[in-house]
Amino acid sequence: MPIAEPTPTPKQGAPIWVGMLVLYVVWGSTYLGIAIAVDTIPPFLMAAARFLLAGAILLAWSIAREGRSFVRPTRREWRDSAIVGALLLGGGNGLVAFGEQTVPSGIAALLVGLMPVWVAILGGIFLGDRLPRMAVIGIAIGFAGVAILIGPSAFGGSGSLDPVGLAACLLAPIAWAGGSLFASRRAALPSRPLVATGLQMVLGGLVLAVMAWFAGELGTFDAAAVTRDSLLAFAYLTVIGSILAFTVYGWMLRAAPLPLVATYAYVNPVVAVILGWLVLREPIEPRTVLAGAVIIFAVALIVTARGRMQRPTPAVQGVSPAVAAVPAGKPATTP
């Protein structure tokens, strides 16, 4: 069910900008949080625990708040939520966590920022979406940005990146795009935003737990080896990056214009690169700056082109940020 898109009143102005600041900083900082957490916690296990805990809290909160009026998800909603959770959290977030073991957090954020490019490509291939010329140009420019970013790795030059971690970061936005398109075009999801998000988190967390088992993380995990920094990062990702930010995002969809809310997707990679440099001393090379500018420009072209194809409509209720903006052609990427 679409959500009305109100125009912010003067009284709403300050809370809205606080909400935007939360989305800018918190979701941009989650790349840093992941890098610190996976330093001593296996990536799939870390992501599984994070989303199982956050999802359980959101569902418990929703059930307690709604009481007898709580509507249980249907079988189809369970099934579709499992598919969305598997793609967004298992394939998307899980691969980012895995990749950030060897790939700098800022570069991972830039690669994940390509999600709207893959939405346009997959939508054109599998759903027959018409791609305006501007979108096609944006796709070409986006891949040029990737070539600039990972070129030394492909040819074994200086500053090359681990190919396995790089592949994971390249595959993550494809999984996000697939999950986003399914959620916005095919999936039946619970109408309550927090219920839908919580259900996706729990089911996606179960998928991540299976991935952790297949990767052998359950047998090799040493709890005694986990550092305080990794524990703090895990707590930050769970409480601030998931529960708080998703709640703020849900409120923002109702209180602020979607074009304003969607700007977080442009800001998050910039925040991630800066925080990675400040905290982890990740180098910011000229090619990283150039590639980042090219990728963000490409995403802006695609978003603008898709936005012109249809009037921006509010997000489907219950869809997580990586899903919510797709119907309107807005970018949405968050780990």
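Arg-281 lies in the loop between helix H12 (264–280) and helix H13 (286–309). Helices (H or I, at least four residues) and strands (E, at least two) are DSSP runs, numbered from the N terminus. The phi angle of Arg-281 is near 60°, a positive value in a residue other than glycine. Arg-281 counts as exposed, at 62% relative accessibility. Buried means under 20% relative accessible area, exposed over 50%, and partly exposed in between (1.4 Å probe, protein chains only).

The model is predicted: local features need pLDDT of at least 70, side-chain atom pairs count only at pLDDT 80 or more, and totals for chains, interfaces and linings use all residues. Residues are numbered from 1 along each chain as its sequence is written, and side-chain values use heavy atoms, with hydrogens and water left out.

The secondary structure of the protein chain comprises 14 helices and zero strands. Read along the sequence, the pattern is α-α-α-α-α-α-α-α-α-α-α-α-α-α. Of the 335 residues of the protein chain, 56% count as buried.

The largest nonpolar core has 85 residues. Such a core is a set of buried Ala, Val, Leu, Ile, Met, Phe, Trp, Tyr and Cys residues joined through side-chain atoms within 4.5 Å. Leu-23, Met-46, Met-252, Val-261 and Tyr-264 have the most contacts inside the core. Helix H10 (residues 228–255) supplies the largest share of this core, 11 residues. In soluble globular proteins, nonpolar side chains tend to be buried together.

Aromatic pairs were assigned next. Rings of Phe, Tyr and Trp (its six-membered ring) pair if their centres lie within 6.5 Å; planes under 30 degrees apart count as stacked, over 60 as edge-to-face and the rest as tilted. The count by this rule is five aromatic pairs. The pair of Phe-44 and Phe-98 is stacked, because the ring centres are 5.7 Å apart and the planes are at 5°. This pair links distant parts of the chain. Phe-44 belongs to helix H2 (residues 43–66) and Phe-98 to helix H3 (residues 75–99), 54 residues apart. Phe-44 is buried, at 8% relative accessibility. Phe-98 is partly exposed, with a relative accessible area of 27%. Trp-213 and Phe-214 form an edge-to-face pair, 4.9 Å centre to centre with 70° between the planes. Both Trp-213 and Phe-214 are exposed. Ring pairs also link Trp-27, Phe-246 and Tyr-249 into a cluster.

One ring carries a charged neighbour. The charged end of Arg-65 sits over the ring of Trp-61, 5.7 Å from the ring centre. The criterion places NZ of Lys or CZ of Arg within 6 Å of the ring centre and within 35 degrees of the ring normal.

The expected span of a helix is 1.5 Å times one less than its number of residues. The 25 residues of H3 should span 36 Å at 1.5 Å a residue. The end C-alpha atoms of H3 are 34 Å apart, which agrees. H3 bends by about 30° at Ala-86. The bend at a residue is the angle between axes fitted to the seven residues ending there and the seven starting there. Helix H8 (residues 193–214) has 22 residues and should span 32 Å. Its end C-alpha atoms are 31 Å apart, which agrees. Just after H8, Gly-216 takes a positive phi of about 80°.

Several C-alpha pairs join residues separated in sequence. Leu-53 lies in helix H2 and is partly exposed, with a relative accessible area of 42%. The C-alpha atoms of Leu-53 and Ile-243 are separated by 9.6 Å, at 190 residues apart along the chain. Ala-49 also lies in helix H2. Ala-49 counts as partly exposed, at 33% relative accessibility. Its C-alpha atom is separated by 9.4 Å from that of Val-202, 153 residues apart along the chain. Gln-200 lies in helix H8 and is buried, with a relative accessible area of 3%. Gln-200 and Asp-80 are 120 residues apart in sequence and 9.0 Å apart in space, C-alpha to C-alpha.

Ser-184 is buried, with a relative accessible area of 17%.
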